[in-house]
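Okay, thanks for coming, everyone.

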Amino acid sequence: MALEGDNDDLPTLSAETFAALQQFYNEEDSREKARLDIVQADAAAPVDYTTLTFDEDWQLSQFWYDEATSNALADICLAVAENNPGNDPTRIACLSCPTLFLALKKRHPQLSNVILFEFDKRFSKLGQDFTFYDYKSPLDVPREWREYFDLVVADPPFLSGECLTKTAVTMKFLSKGKMILCTGATMADMADRLLHLKKQEFIPGHRNNLANEFRCFANFDMKAITNKDGDNLSS
């Protein structure tokens, strides 16, 4: 049985704090509703990639590449395709790097077999070009895509060993050849140990400057593949 005065020491919220908290929850509800509206939209409708844009959602650890980086990486993907033996279309997987995916679609529409693996369901409006991906479930991807992609490009959402390790599992499952990893410079040893990827000269940039130094790692020479003299790719 509770005695009178037992609740005297329980913390209480001021009216201002309660109002601020309520506003936060209301904004969260609005954001979630907007996401659901997009997810429920007709994903089969044609996508106009020339005008399609998405804002960063920092709560999902989204930090978009700047235009120069997106275009340079897209050109590297094109160079890989042009150097790919055989007559089949080059298959490219973009893991958690939607700005690269959009740059590819806008800059090199001839690369038709490009898939975005992304956690943010706003991108479901891309239809068949989108596959939901949660790095925490690294093998929860279509079985038929095992060793399917000629090039896998990944930008893990978090700078942590756990995130990179699980992303690496997905990369190795999907890849049958070349891989590019964009992540913090501090992850260099893990990139080498997990995937045998080496640091490249190219330095990716972001629209909003980040405190952490970012680098590209690959299992091929990114600079050499764009030009025999290595002049088309600079940092």
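Let me start with a definition: the expected span of a helix is 1.5 Å times one less than its number of residues. Helices and strands here are DSSP runs, helices being H or I with at least four residues and strands being E with at least two, numbered from the N terminus. Take helix 2, residues 67-82. With 16 residues at 1.5 Å a residue, helix 2 should span 22 Å, and its end C-alpha atoms are 22 Å apart, so the two agree.

Some housekeeping before I go on. This is a predicted model, where local features need pLDDT of at least 70 and side-chain atom pairs count only at pLDDT 80 or more, while totals for chains, interfaces and linings use all residues. Residues are numbered from 1 along each chain as its sequence is written, and side-chain values use heavy atoms, with hydrogens and water left out.

Now the overview. The protein chain has six helices and seven strands, and from the N terminus on they run α-α-β-α-β-β-β-α-β-α-β-β-α. When I say buried, I mean under 20% relative accessible area; exposed is over 50%, and partly exposed is in between, with a 1.4 Å probe and protein chains only. Of the 235 residues, 44% count as buried. On contacts, meaning heavy atoms within 4.5 Å: among those between residues at least 6 apart in sequence, 66% join residues at least 24 apart.

Back to helix 2. Twelve of its 16 residues are buried, which leaves it mostly covered. Among them are T69, S70, N71 and A72 at one end of the list, and V80 and A81 at the other. The cover includes strand 1, helix 3, strand 4, strand 5 (175-184), strand 7 (214-218) and helix 6 (222-226).

Two of those strands are worth a word. Two strands pair if DSSP finds at least two bridges between them, and strand 4 and strand 5 pair in the parallel sense over five bridges. One example: V153 has I180 in strand 5 as its bridge partner. Strand 5 is mostly covered too, with seven of its ten residues buried.

Next, helix 3, residues 98-107. Eight of its ten residues are buried, so helix 3 is largely enclosed by the rest of the structure. They are P98, T99, L100, F101, L102, A103, L104 and K105. What do the buried residues of helix 3 pack against? Helix 2, strand 1 (92-95), strand 2 (114-118) and strand 4 (149-154).

T99 sits at 9% relative accessibility, so it counts as buried. Leaving aside neighbours within four places in sequence, T99 touches W64, Y65, S70 and R207. A polar atom of the T99 side chain lies 3.5 Å from the backbone nitrogen of Y65.

The other one is K105, which is buried, with a relative accessible area of 12%. K105 and A74 are 31 residues apart in sequence, and their C-alpha atoms are 8.9 Å apart in space. K105 also makes a salt bridge, that is, a side-chain nitrogen of Lys or Arg within 4 Å of a carboxyl oxygen of Asp or Glu. Its partner is D129, with the closest N and O atoms 3.5 Å apart. That pair links distant parts of the chain, 24 residues apart, with D129 in the loop between strand 2 and strand 3 (130-132). D129 is buried, as is K105.

How many salt bridges does the rule give? Eight. Another one joins R122 and D120, at 2.7 Å from N to O, and both of those residues are buried. Then there's K198 with D192, at 2.9 Å. Here K198, at 44% relative accessibility, counts as partly exposed, and D192, at 28%, counts as partly exposed as well.

Last thing, backbone angles. Most residues other than glycine have a negative phi. S96 has a positive phi, near 60°, and S96 is in the loop between strand 1 and helix 3. E147 has a positive phi too, about 50°, and E147 lies in the loop between strand 3 and strand 4.

That's my tour, happy to take questions.

Methods:
Polar contact = N/O pair within 3.5 Å; in protein donor to acceptor, adjacent residues only side chain to side chain.
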